[in-house]
Amino acid sequence: MAIRQKELGDFQTPIKLSQQVCRLLAQQGISPTVIIEPTCGKGSFILASLEYFPQVERVFGLEINADHLHRLKQELSRRISSDKVEIRHGDFFGVNWETILAEFSEPLLIIGNPPWVTNSTLGQLNSQNLPEKTNFQNHSGLDALTGKSNFDISEWMLLHLIQLISGQDGVLAMLVKTSVARKVLKHLWENRSNIGQSQIYLLDGKQEFGVSVDMCLFVCNTKGNHSNQICKVYDGVSEETFLTTFGFNDGHLVANINSYNQWKHLITTTAKHYKWRSGIKHDAAKVMELTQHTTCYKNSLGETCILENDYLYPLLKSSDIAKGAVEHPRRWVLVPQSYVGESTAHIKHNAPKTWDYLNTHKTFFDKRKSSIYKNKPQFSIFGIGDYSFALWKVAISGLYKNLKFVVVGPYEDKPVMLDDTCYFIPCTSQKEANFLVSLLNSQVAKEFFSSFIFWDSKRPVTAHILGQLDILLLAQELDVESEIKEYVHTKKVNQPSLFPL
Ligand SMILES: C[S@@+](CC[C@H](N)C(=O)[O-])C[C@H]1O[C@@H](n2cnc3c(N)ncnc32)[C@H](O)[C@@H]1O
């Protein structure tokens, strides 16, 4: 894809899809006086709108790419209704939408397919196709603009427009990533915006645009009241196949309202006897992760590494956990610290070969971009603490689309480490780990978690979602309360316990 196309997130909508969208909206009784296409491109939505909303009085389109506008103008010159259409060459972030929208009479329809690009891609391209200053979603402007917090620029565009017309008679109908539609709704619901009903119509990104993206038509009614916090999800641009309803309940974004209502009594209140932990983060896989050979270890640079055993631990990654392949870890990892921020100077005396190895590959550590490594001891890692060294763990992958918890036991007498895409609970014994895994793989727990998980997310399972379930209440629900009490009475509330090395 050309850089300019990438920077402008330029995927023109096939006319057939725009027509399907307009037909659906017209069938729903949407009858706008004014239609606005904020990034209109070659005008697929403008042309389809003229067909399906003949009563419309004005159509306004904005676009940054002059070539697209030229094409659109040529196309419009062949249409009789083109005198209703005003096309402007401009930058979404440079125009004053408040003034533009104030000119138009209700009901409004804001329709289109905003750019498909994230601020971090724009950062890599050194592009300024961004809002100039933003405290977007509570990230500082600088964080948002330097890509420390990644967001789709369409998310910013949608929120900006909806907030400007919320409470007015209008509808926003946009093709966006499904995750963007959800983030926009979450933000509006959290802030008790006066919006009305919303719907998501799931689309096949590969089929429509040739790109594997979870995308949808997002329709949001801008007049309503803040108690209307649900969104219906359909398969395809039609109301024939209803899939589910998600919404915002008691401060939670809920993926499945029925399961949520059934199991919400299992939500953690205050006391957390079990705390979910993430695996190790080091951002230097090429030199930190090793494979074992008969007489030595090798790193992924193909180098033979002669190292002491002291700082080497077996490692399981998300794919191993998701496949349940946990008996014989294929990789090993260097663990230079036993808690975050610990000095690494002791390695020099305890394990001189390991110290030499780390120093020889110092550049791999120095070039780690994340600011978490700044001003930390050299070779620092994260996601490390006494909990990492528990011999028994119950683990799950955050990345894979299956809700399967597994027991991870020691290997060659060492605790097995997990990578930072996995979550785990440290256990004091194999018996406790087996017991917990049976609870977490129960149908009740599955339904509970399913009420919070959006499977199309990049990381569907998160520590936050896992932490919502009170394992004690789950044990009560499954009538095994007395057994769990054997384990939890030794643990301090809200504190990880100490585990043997
Ligand atoms: C995903 S394409 C969709 C185009 C059109 N809405 C459609 O449905 O076919 C996104 C469009 O946004 C335009 N665009 C990108 N950044 C823009 C900006 N800052 N202001 C206005 N238009 C922009 C691109 O040139 C491109 O035409």
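Six strands make up an open sheet of mixed pairing, ordered 14-13-12-16-15-19. Its edge strands are strand 14 (304-305) and strand 19, each of which pairs on one side only. Two strands count as paired if DSSP finds at least two bridges between them. Strands (E, at least two residues) and helices (H or I, at least four) are DSSP runs, numbered from the N terminus.

This is a predicted model: local features need pLDDT of at least 70, side-chain atom pairs count only at pLDDT 80 or more, and totals for chains, interfaces and linings use all residues. Residues are numbered from 1 along each chain as its sequence is written.

## Pairing inside the sheet

Strand 12 (residues 289-292) has two antiparallel pairings. A hairpin of four residues joins strand 12 to strand 13. Here leucine 290 faces asparagine 299 of strand 13. Strand 12 also pairs with strand 16 in the antiparallel sense, over three bridges. Glutamate 289 has valine 333 of strand 16 as its bridge partner.

Strand 15 (residues 312-316) runs antiparallel to strand 16 (residues 331-334), with four bridges. Tyrosine 313 stands opposite valine 333 in strand 16. The pairing of strand 15 with strand 19 (residues 417-418) is parallel, over two bridges. There leucine 316 is bridged to leucine 418 of strand 19. Five of the five residues of strand 15 are buried, so the strand is largely enclosed by the rest of the structure. A residue is buried if 20 or more other C-beta atoms lie within 10 Å of its own, exposed if 12 or fewer, and partly exposed in between, with C-beta atoms placed from the backbone.

## Domains

The domain assignment gives domain 1 (3-117 + 152-250) and domain 2 (277-488). These bounds come from an automatic or database assignment. Taken over C-alpha atoms, the centres of domain 1 and domain 2 are 43 Å apart.

The ligand is surrounded by 24 residues, the closest being Thr13, Thr39, Gly41, Phe92 and Asn113. The shell divides into ten nonpolar, eleven polar and three charged residues. In this count Ala, Val, Leu, Ile, Met, Phe, Trp, Tyr, Cys and Pro are nonpolar, Asp, Glu, Lys and Arg are charged, and the others, Gly among them, are polar.

Helix 3 (44-52) and strand 2 (58-63) each supply at least two shell residues. Seven of the nine residues of helix 3 are buried, so this helix is largely enclosed by the rest of the structure. The buried ones are Ser44, Phe45, Ile46, Leu47, Ala48, Ser49 and Leu50. Their cover includes helix 2 (15-27), strand 1 (34-37), strand 2, helix 4 (66-77), strand 3 (85-89) and strand 4 (108-112). Residues are in contact if their C-beta atoms, placed from the backbone, lie within 7 Å.

## Helix 9

Helix 9 (residues 178-190) has 13 residues, which should span 18 Å at 1.5 Å a residue; its end C-alpha atoms are 18 Å apart, which agrees. The expected span is 1.5 Å times one less than the number of residues. Just after helix 9, arginine 192 takes a positive phi of about 50°.

Buried residues of helix 9 include Val180, Arg182, Lys183 and Trp189. The buried residues of helix 9 pack against elements including helix 8 (153-165), strand 5 (170-177) and strand 6 (198-204).

Note on methods: A residue is near a molecule or strand if its C-beta atom, placed from the backbone, lies within 6 Å of it. Two residues are in contact if their C-beta atoms, placed from the backbone, lie within 7 Å.
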